[in-house]
Amino acid sequence: MIRNFFPAILLTLLATLASCATSPAASPADGTWDFAMVSPMGSVSAKVIMTTNGDTLAGSFDLGNGRTWAIEDGVANGNVISFSIDRDGSPMIYEMSATIEGDDMTGVASAMGMEVPWTMTRGS
C-alpha cells in the first residue's frame with residue numbers, strides 16, 4: 001500500500017521544492033509605508049510604495065497634491081535599505097538609510113551636511 005502512495009508523495013515534495021526555488025522570499029521592504037520626518041525645514045509625511053528585485057530597491061513617495069519623489073539608487077540588503085531622493089529637482093538630494101524591524105522602519109536622512117531621523121510604519 002505504501003508503494004502506491006510513494007510516487008504521489010515524491011511528486012508533491014518535488015513540486016514544493018521547485019516552487020521554493022523559483023519564488024524568492026519577499027523583502028521586508030516590499031509594500032506600502034507611511035513616512036514621517038520632522039526637520040528644521042519642516043515636517044514631511046508621505047505614502048511610500050517600495051518594491052525589490054534582488055538587491056535593487058525601487059518605489060516612490062507620494063506627498064499628495066500630485067507631488068511624488070522617486071526612489072533612486074535603491075539597495076535592499078536583508079532588513080537594511082538605502083536610497084536617494086532628488087527633492088523636486090532641487091539641488092537638495094536626500095541620502096536615506098534605514099533598518100526594518102517587522103512593520104516599523106527607522107532611518108536617517110542626510111542632506112546639506114545635516115542628518116535628520118525619520119520613521120515609516122507599514123501601511124495598507
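**A closed barrel and its core**

Strand 2 and strand 3 lie antiparallel, and 7 bridges pair them. Keep in mind that this is a predicted model. One example of the pairing: Thr51 stands opposite Ala58 in strand 3. The two strands form a hairpin, with 2 residues between them. Look at Gly54 there. Gly54 takes a positive phi near 65 degrees.

Val38 faces Ser43 of strand 2. Here too we have a hairpin, and 2 residues separate strand 1 from strand 2.

Further along, strand 4 meets strand 5. They run antiparallel, joined by 5 bridges. Ile71 has Ile85 in strand 5 as its bridge partner.

So what does the whole sheet form? A closed barrel of 8 strands, in the order 1-2-3-4-5-6-7-8, with antiparallel pairing. On average, neighbouring strands are turned by 30 degrees against each other, ignoring direction.

Next, the core. In soluble globular proteins, nonpolar side chains tend to be buried together. Here the largest nonpolar core holds 27 residues. Which of them touch the most other members? Phe35, Met50, Phe61 and Ile81. Strands 1 through 8 each supply at least two residues of this core. Among them are strand 1 at 31-39, strand 5 at 80-86 and strand 8 at 114-122.

Last, take Ile81 on its own.

Terms used. Residues are numbered from 1 along each chain as its sequence is written. This is a predicted model: local features need pLDDT of at least 70, side-chain atom pairs count only at pLDDT 80 or more; totals for chains, interfaces and linings use all residues. Side-chain values use heavy atoms; hydrogens and water are left out. A nonpolar core is a set of buried Ala, Val, Leu, Ile, Met, Phe, Trp, Tyr and Cys residues joined through side-chain atoms within 4.5 Å. Buried means under 20% relative accessible area, exposed over 50%, partly exposed in between (1.4 Å probe, protein chains only). Helices (H or I, at least four residues) and strands (E, at least two) are DSSP runs, numbered from the N terminus. Two strands pair if DSSP finds at least two bridges between them. Axes are lines fitted to C-alpha atoms, for helices over the stretch in contact, and angles run from 0 to 180 degrees between N-to-C directions.
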